Amino acid sequence: MLKVGILGAGNIAGTMARTLRQMKDVECCAVAARDADRAKAFAETYGFAEAYGSYEEMLEHSQAELIYVATPHSHHYAHVKMCLEHGKHVLCEKAFMLNEKQAEEVFAMAKERGLLLTEAIWTRYMPIRKTLDQVLASGIIGKPCMLTANLGYVTSHKERIKKLELGGGALLDVGVYTLNFASMVFGNGVKEIKGQAVFNEDGADMQNSVTLIYEDGRMAVLNSTAMGRSDRSGVIYGDKGYIVAANINNCQGFKVYNTSDELLASYDRPEQISGYEYQVIACQEAIEKGALECPQMPHEESLTIMRWMDNLRAQWGMKFPGE
């Protein structure tokens, strides 16, 4: 039985809590928030045994083995370090850190202590990802040459999105998914990355367009926004056809077409609780094996995505406080 604690009690923590309650071999052990009453209310709502009004108090006293970090991007670095210092395995929400330097430091720290640390980019852990890999490998659409992906929600009014001091911006919140989609489909052999963005008065990007050019000439064209709702699709172009994935943020399935736009095959997403369960299962398996990273999202993959986002922010002159 894997005992799980949640650090943070916001909306995303609630989604994870609802998921954990429906999983086998998982115990909703503890939750911590900055406010004791909020933590207590969360624990009562979702059936957690322990509630703490201090993150450190939970880490010091709770029996939780795996801590899910569900705080704003700006706090991931400090909170992950705190968890590791207390000997806890960690599943940290995306975007993993503010920059690659922070990511390198916490990964090294986890390895020193023999602890699992992985990024909770849920799309990496979902079963349908393997299905897509298999379909691409079959050659049904021939040689892929380009992909496009977009993700957008109306979130520009939210504090965690609009403020740089909270690690805000569309790039780290939704752009990270488009970059991961490109990485999962085409890999990381990128020779050039270019991007443009629109900023709010605080200097945080509210929408952006990114192009990845690969060593072999393939291209990925990616759009993300916090100002509007997009169709969230991903399209992979090949010389024998194309694949359309419905919702790159939680793929509902994908369809395969030939060059005459005729439907060749359709694949649906397996039934799921919320989609969050797969990353917890991956952590559970890794911990049982004594592994320090999950094969679905190795440390090097997280570092690559952070490096790409650092590159884009450098192009835009977008810095977070303290950088």
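Phe42, Tyr46 and Phe48 form one aromatic cluster; rings of Phe, Tyr and Trp (its six-membered ring) pair if their centres lie within 6.5 Å, with planes under 30 degrees apart counted as stacked, over 60 as edge-to-face and the rest as tilted. This is a predicted model, in which local features need pLDDT of at least 70 and side-chain atom pairs count only at pLDDT 80 or more, while totals for chains, interfaces and linings use all residues. Residues are numbered from 1 along each chain as its sequence is written, and side-chain values use heavy atoms, without hydrogens and water.

The structure holds 8 aromatic pairs. One of them, Phe96 with Phe107, is stacked, at 4.8 Å centre to centre and 15 degrees between the planes. Phe96 counts as buried because its relative accessibility is 0%; buried means under 20% relative accessible area, exposed over 50%, partly exposed in between (1.4 Å probe, protein chains only). Phe107 is also buried, at 4%. Trp122 and Tyr276 make an edge-to-face pair, 4.8 Å centre to centre with 75 degrees between the planes.

Next, the core. Beyond four places in sequence, Ile236 is in contact (heavy atoms within 4.5 Å) with residues including Leu132, Phe181 and Phe186.

Phe186 also has the charged end of Arg218 over its ring, 4.5 Å from the centre; the criterion is NZ of Lys or CZ of Arg within 6 Å of the ring centre and within 35 degrees of the ring normal.
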